[in-house]
Amino acid sequence: MMDGLTRDPFREDVIKGLGQPQKAIPSRWLYDEKGSKLFDEITELPEYYPTRTELKILGDRAGEMADAIGPEAVIVEYGAGSLLKVRILLDALERPAAFVPVDISASHLEAAADELTADYPDLTIKPIASDFMASNLGESLPEAAGRRAGFFPGSTVGNLLDAEIHRFLSNARADLGDGACFIIGIDQPKPPKILVPAYDDAQGVTAAFNKNLLTRMNRELDANFDLDAFAHEARWNQSDSRIEMHLRSLKPQTVRVAGESFDFQDGETIHTENSRKIALDRFAGMAEKAGWSLSRHWTDEKGLFAVMLLEAD
Ligand code: AVJ
């Protein structure tokens, strides 16, 4: 329980976000236990192509990625979600020395580390419980004969704004050091007729994922959102090349959250997520400014998704 002296970052983000002209809540708050389960369900949907496409690229090309990284490497996974993906890489690598999953959820990390230890007895596993946006991980990284390789699959980088991507890539460049490389998965721009259904599926799983944020605010912030008075919306924003998720108010209403009142007009939305689709050349330019060069990339035959290899300058 929060006592008024303890900072509650969820409460702070929500109160600030609902007070803006365009109401908005940072997308990381979508991922409580229920939200993480729903996201796992999303990855299995027929309309949601990114996860299976990236897994196929990794499965087909992990050998080439492993050759590029080299032997006895230290792999640092940012926002370590799906161990499935790093296993594909670990299995292809020559004598990987260490695996460092960085994740905000300590319990999630424990479980993940335990599972891996059983299957990779020679691998040093050193979880770091931290926001992946934090800097100064460098001193915590194990020493090894091989080089350091960052790993950031899932197109999570597409949730970040330009300034955040810059900060993230610059921090990683400093932490991983000279001679490092970085493997990053990123969804690609494509027609809205493919993109919109991927974020507004026929079974309504993505709608449940988005609306779970209302349930979470009701539970954790003593809010009184009526779940039937809001609708899920997935919008393609062409000029910013991103899918936006919104929660749209279906009538004029006032909602109480953490002791404060917020008015909604009919049709007014809370913006809950940006999923940017950043083309390779554009990302290469951003990486360049943060001390990385795009050295090569792998894609599926339709060019839906790309896995990039960056090299430290
Ligand atoms: C986990 C951020 C990559 O943007 O595609 C899926 C999240 N949101 N459906 C994405 C998400 C709605 C997902 N990422």
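These questions and answers walk through a predicted model.

User: Is Leu195 buried or exposed?
Analyst: Leu195 is found in helix α7, residues 192–198. The cut-off for burial is under 20% relative accessible area. Leu195 has a relative accessibility of 0%, so it counts as buried.

User: Leaving aside neighbours within four places in sequence, which residues is Leu195 in contact with?
Analyst: Leu195 sits in α7. Contact here requires heavy atoms within 4.5 Å. Beyond its sequence neighbours, the partners of Leu195 are Tyr49, Asp187, Lys190, Trp236, Ile243 and Lys277.

User: How far apart in space are Leu195 and Ala92, C-alpha to C-alpha?
Analyst: In sequence, 103 residues separate Leu195 and Ala92. Ala92 is one of the α4 residues that meet α3. From C-alpha to C-alpha, Leu195 and Ala92 lie apart by 32 Å.

User: Which residues is Val257 in contact with, leaving aside neighbours within four places in sequence?
Analyst: Val257 is among the residues with the most contacts inside the largest nonpolar core. Strand β10 (253–257) supplies at least two residues of this core. Outside its sequence neighbours, Val257 contacts Val14, Ile15, Leu18, Leu221, Ala223, Phe225 and Phe262.

User: Are α3 and α4 roughly parallel or roughly antiparallel?
Analyst: α3 (residues 50–69) and α4 (residues 83–92) pack with axes 8 Å apart, at an angle of about 30°. Angles under 35 degrees count as roughly parallel. The two helices, α3 and α4, are therefore roughly parallel.

User: How do the residues of the contact of α3 with α4 divide into nonpolar, polar and charged?
Analyst: The crossing of these two helices is right-handed. On the α3 side, the contact includes Leu55, Leu58, Gly59 and Ala62, and on the α4 side Ile88 and Leu89. The division is 10 nonpolar, three polar and two charged.

User: Which residues of α4 and α5 make the contact?
Analyst: The axes of α4 and α5 (residues 106–119) come within 12 Å and cross at roughly 30°. That makes the pair roughly parallel. The crossing is right-handed. The residues of this contact divide into four nonpolar, no polar and three charged. They are Leu83, Arg87 and Leu90 of α4 with Ala112, Glu115, Leu116 and Asp119 of α5.

User: Which residues does Ser27 touch, not counting those up to four places away in sequence?
Analyst: Ser27 is found in the loop between β1 (23–24) and α2. Ser27 is buried, with a relative accessible area of 13%. Its partners beyond the sequence neighbours are Asn159, Thr272 and Glu273.

User: Is Asp313 buried or exposed?
Analyst: Asp313 lies in the segment after β14 (305–312). Asp313 touches Arg173, Glu288, Gly291, Trp292 and Ser293, not counting residues up to four places away in sequence. The cut-off for exposure is over 50%. At 51% relative accessibility, Asp313 counts as exposed.

Methods:
Residues numbered from 1 in each chain as written. Predicted model: local features only at pLDDT ≥ 70, side-chain atom pairs only at ≥ 80, totals over all residues. Heavy atoms only, no water. Helix = DSSP H or I, 4+ residues; strand = E, 2+ residues; numbered from the N terminus. Buried < 20%, exposed > 50% of the residue type's maximum accessible area, 1.4 Å probe, protein only. Core = buried A, V, L, I, M, F, W, Y, C linked by side-chain atoms within 4.5 Å. Axes fitted to C-alpha atoms, helices over the stretch in contact; angles between N-to-C directions. Parallel < 35°, antiparallel > 145°, perpendicular 65-115°, else oblique. Left-handed = near helix turned anticlockwise from the far one by under 90°. Nonpolar A, V, L, I, M, F, W, Y, C, P; charged D, E, K, R; others polar.
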